[in-house]
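Here is a structure to read through questions. Each answer sets a value against a cut-off and then concludes.

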Amino acid sequence: MSTENLVHEHVFLGADHKRNERRVWLVIALTATMMVAEIAAGNLYGSMALVADGWHMSTHAGAMLITALAYLYARRQARNPRFTFGTGKLGDLAGFASAIVLALIALLIGWESLLRLANPVQISFSQAIAVAVVGLAVNLVSAFLLKDDHQHHGHSHGGHSHGSHSHGAHSHDTHSHGAEAPHAHGHDHHDHHDHAGHSHDAHSHHGHAAHKPGADNNLRSAYLHVMADALTSVLAILALLAGSIYGWLWLDPAMGIVGALVIAHWSYGLIRQTGLILIDATDTVTGLQSEIRERIETPQEKITDLHVWQVGPGHNAAIVAIATANPHPPAFYKEKLAKLSGLSHLTVEVTPVAA
C-alpha cells in the first residue's frame, strides 16, 4: 500500500455546516433590518418602546454574528494543519461565548424588570402590543430557519448507524517499551455523511441523550437567542393584554422576571454542554465508550486504556489500547469498530501479554 493511501484529512465539520451558516447570515440580516426599522421609527415617532426593543434585538444580532463568524472561520481553516483535529470544535467555543452573552441578557432583563416593579411607569398598551407582535413574528421566522433538523431527526434511533469508508491503516511492529512485548499501532479515519449508506447493526444502540451525533451547538446558540426573544415577546403580549384590561402595571415587569429566569436556565444548559465538549469530558461520549468496549472486549482481550472525545458535530476521535494473549493486527480491531456512528478518527494500540 502506498503512503498516499494512508494520508487523510482532519475535517470534522458538521454535516450541514454550509446550510447552517447561510441560514444564520439570513437571520442576522432579518434581525438587523428589524432592529434598524424599530430604532428609526421609535426616534421618529417618539416611542421609547420601539427604541428599547430595537436595541434589545441588537444584542441578539451581535450574538448571532459570533455564530456566523465561527462558521466562516471554521470552514475556511478546516484543512489548516495548525489545528491538530481540525476546526470542528470552534462551533462549541462560539456556542459557549454566545451562551455567556445570553446569560448577560437574562441578567439585564431581570434587573430592568426589578426596577420597573419598584418604579412602575405608564405603558402605551396598544403601541407596545403591536411592537411585541411584530417582534414575535420576526423571531418565529428566524427560529424556523435555525431549527436544527439534523439534531432532532437525523440520529434519534438506536441501532441506526452511518456507513463509513476507511483511508487505510498502518502499524509499527518494531516499537518496543522496555521489557514489554512489541506494541502495534494503527490509525484509521472514518468520515460520516448524510448521503452515506445506512446499516442496521444489533450492537449499535447508543442513540441516547448524552451522545448526540450531529448536534450543532453553534446553531443551537443562535436558535436559543431567537427563542429567548420570542419568549420575551410572548410574555410581554400576555402581560400587556392583561394590563390593558385590568390595569395591572406590575404584571409586565413580573413577566420580565419569569422570562429572565427561563433564559438563564437555557443559558446554563448551553454553557454546561459546550463546556464539557471543550474540556473533552466523557459525559458527551459515554455511549460510544460503551459500544467500543462491547465490540472489542472478550475473555482474552481487554481494553487497558480508552480515550474518546468529540472533535466536531457528529465526529468523535478515539484511542484504544488493547492487551491480549492472542494479538491481531490493528486492522482487525478497527474493522470491529468500522460501523460505529460518529467515530471519525481511530487509533489502535495492541499489546501482546502472556496467557
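Q: Why is S98 called buried?
A: This is a predicted model, and in it S98 has a relative accessible area of 0%. Buried means under 20%, so S98 counts as buried.

Q: Where does S98 lie, and what does S98 touch?
A: S98 lies in helix α3, residues 90–118. Leaving out residues up to four places away in sequence, S98 touches A63, S221 and H225.

Q: How far apart are the C-alpha atoms of S98 and H60?
A: They are separated by 9.2 Å. Along the chain, S98 and H60 are 38 residues apart.

Q: What makes α3 and α7 roughly antiparallel?
A: Their axes cross at roughly 160°. Angles over 145 degrees count as roughly antiparallel, so α3 and α7 are roughly antiparallel to each other. The axes come within 8 Å, and the crossing is left-handed.

Q: Which classes of residue make up the contact of α3 with α7?
A: That contact has 20 nonpolar, seven polar and two charged residues.

Q: How do you know that α6 is roughly antiparallel to α7?
A: Helix α6 covers residues 217–246 and helix α7 covers residues 251–278. They pack at an angle of about 170°, with axes 8 Å apart. The cut-off is over 145 degrees, and therefore α6 is roughly antiparallel to α7. Their contact has 17 nonpolar, seven polar and two charged residues.

Q: Why is D280 called partly exposed?
A: The relative accessible area of D280 is 38%. Buried is under 20% and exposed is over 50%. The value for D280 falls in between, so D280 is partly exposed. D280 is found in the loop between α7 and α8.

Q: What is the phi of D280?
A: D280 has a positive phi of about 60°, although it is not a glycine. Most residues other than glycine have a negative phi.

Q: Which residues have the most contacts inside the largest nonpolar core?
A: They are I292 and V320, in a core of 17 residues. Two or more residues each come from α8 (286–296), β4 (301–312), β5 (315–324) and β6 (343–352). The largest share, four residues, comes from β6. In soluble globular proteins, nonpolar side chains tend to be buried together.

Q: What is V320 in contact with, leaving aside its neighbours within four places in sequence?
A: V320 is in contact with I292, I303, D305, L306, L346, T347, V348 and E349. Contact here means heavy atoms within 4.5 Å.

Q: Which residues of α8 are buried, and what do they pack against?
A: In α8, the buried residues are G287, L288, Q289, E291, I292, R295 and I296. The buried residues of α8 pack against β4, β5, β6 and α9 (330–336).

Q: How many helices and strands does the protein chain have, and how much of the chain is buried?
A: The protein chain has nine helices and six strands. Of its 355 residues, 48% are buried.

Q: What share of contacts join residues at least 24 apart in sequence?
A: The share is 78%, among contacts in the protein chain between residues at least 6 apart in sequence.

Note on methods: Residues numbered from 1 in each chain as written. Predicted model: local features only at pLDDT ≥ 70, side-chain atom pairs only at ≥ 80, totals over all residues. Heavy atoms only, no water. Core = buried A, V, L, I, M, F, W, Y, C linked by side-chain atoms within 4.5 Å. Buried < 20%, exposed > 50% of the residue type's maximum accessible area, 1.4 Å probe, protein only. Axes fitted to C-alpha atoms, helices over the stretch in contact; angles between N-to-C directions. Parallel < 35°, antiparallel > 145°, perpendicular 65-115°, else oblique. Nonpolar A, V, L, I, M, F, W, Y, C, P; charged D, E, K, R; others polar. Left-handed = near helix turned anticlockwise from the far one by under 90°.
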